[in-house]
Amino acid sequence: GLSHSTLTPPTMNPGPKTYLSEIKQTMNIARYATLATFSRSSDHDINSRVIFPKPINVTEGAQDLEKLYFATNKYSRKFRELQADESGENARLSMLYWDSTGVGYVALRGSAQICDSQEAVSEYWNGWDQVYPSGPQTEFYTLIKVVPDE
């Protein structure tokens, strides 16, 4: 579930590595992404908001986009919507990164996983310090891992 668009001329017969490189470049330039989740209060509503994901160039193991992270307040609607359902099925989501210069975007679908406390501490990123003043020990901080669809 990954799509990518760029206004620059496409490379002749680009391979997967070229696309992956362009996708990661766009994601690193973007800084922000839009996150869409299904509402817990209605079967028909989708909620969207802007998030500040951890950059993939400082995320260990994200070279092939097998995981992404973003922090959230554990008392937020977003957190509730990203919890696994009663059957244990991980919540589904969609993210859209856009290059503010208008050159490209990356859209992805995937599953959300609430990180355990050890992973939440080890994957904390100092770019979130303004929102989480005590870092990963901030009482309301929690971390979401996004596992993109293949």
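## Surface and model

The accessible surface of the protein chain comes to about 8800 Å², and 50% of that area belongs to carbon and sulfur atoms. Areas come from the Shrake-Rupley method with a 1.4 Å probe; for residues, only the protein chains shown count as cover.

This is a predicted model: local features need pLDDT of at least 70, side-chain atom pairs count only at pLDDT 80 or more, and totals for chains, interfaces and linings use all residues. Residues are numbered from 1 along each chain as its sequence is written, and side-chain values use heavy atoms, with hydrogens and water left out.

## Fold

The protein chain has three helices and seven strands. Both are DSSP runs numbered from the N terminus: helices (H or I) of at least four residues, strands (E) of at least two. Along the sequence the pattern reads β-α-β-β-β-α-β-β-α-β.

Buried residues make up 40% of the 150 residues. Buried means under 20% relative accessible area, exposed over 50%, and partly exposed in between (1.4 Å probe, protein chains only). Of the contacts with a separation of 6 or more, 63% are between residues 24 or more positions apart. A contact means heavy atoms within 4.5 Å.

## Nonpolar cores

The largest nonpolar core has 23 residues. Such a core is a set of buried Ala, Val, Leu, Ile, Met, Phe, Trp, Tyr and Cys residues joined through side-chain atoms within 4.5 Å. Met27, Leu68, Leu82, Met95 and Tyr97 have the most contacts inside it. At least two residues each come from helix H1 (16–30), strand E2 (33–38), strand E4 (68–73), helix H2 (77–82), strand E5 (92–98), strand E6 (104–114) and strand E7 (141–148). H1 gives the largest share, four residues. Apart from this core lies another, of 10 residues, among them Ala71, Trp128, Tyr141 and Leu143. In soluble globular proteins, nonpolar side chains tend to be buried together.

Leu68 also reaches well beyond its sequence neighbours. Leaving aside those within four places, Leu68 is in contact with Met27, Ile56, Tyr97, Leu108, Ile144, Lys145, Val146 and Pro148.

## Strand E7 and its partners

E7 is mostly covered, with seven of its eight residues buried. E4 and E7 pair in the antiparallel sense over six bridges. Strands pair if DSSP finds at least two bridges between them. In this pairing, Leu68 stands opposite Val146 in E7.

E6 also runs antiparallel to E7, joined by five bridges. Ile114 stands opposite Ile144 in E7.

## Aromatic rings

There are seven aromatic pairs. Rings of Phe, Tyr and Trp (its six-membered ring) pair if their centres lie within 6.5 Å; planes under 30 degrees apart count as stacked, over 60 as edge-to-face and the rest as tilted. Trp125 and Trp128 have ring centres 5.7 Å apart and planes at 90 degrees, so they are edge-to-face. Trp125 is buried at 16% relative accessible area, and Trp128 is buried at 4%.

The rings of Tyr132 and Phe140 have centres 5.6 Å apart and planes at 45 degrees, so this pair is tilted. Tyr132 is buried at 6%, whereas Phe140 is partly exposed at 24%. Ring pairs link Tyr32, Phe52, Tyr124, Trp125, Trp128, Tyr132, Phe140 and Tyr141 into a cluster.

## A buried threonine

Thr59 sits in the loop between strand E3 (46–51) and E4. Thr59 is buried, with a relative accessible area of 3%. A polar atom of its side chain lies 2.8 Å from the backbone oxygen of Pro55. Beyond neighbours within four places in sequence, Thr59 is in contact with Lys54, Tyr69 and Glu123.

Technical notes:
A polar contact is a pair of N or O atoms within 3.5 Å; within protein, one must be able to donate a hydrogen and the other to accept it, and residues adjacent in sequence count only if both atoms are side-chain atoms.
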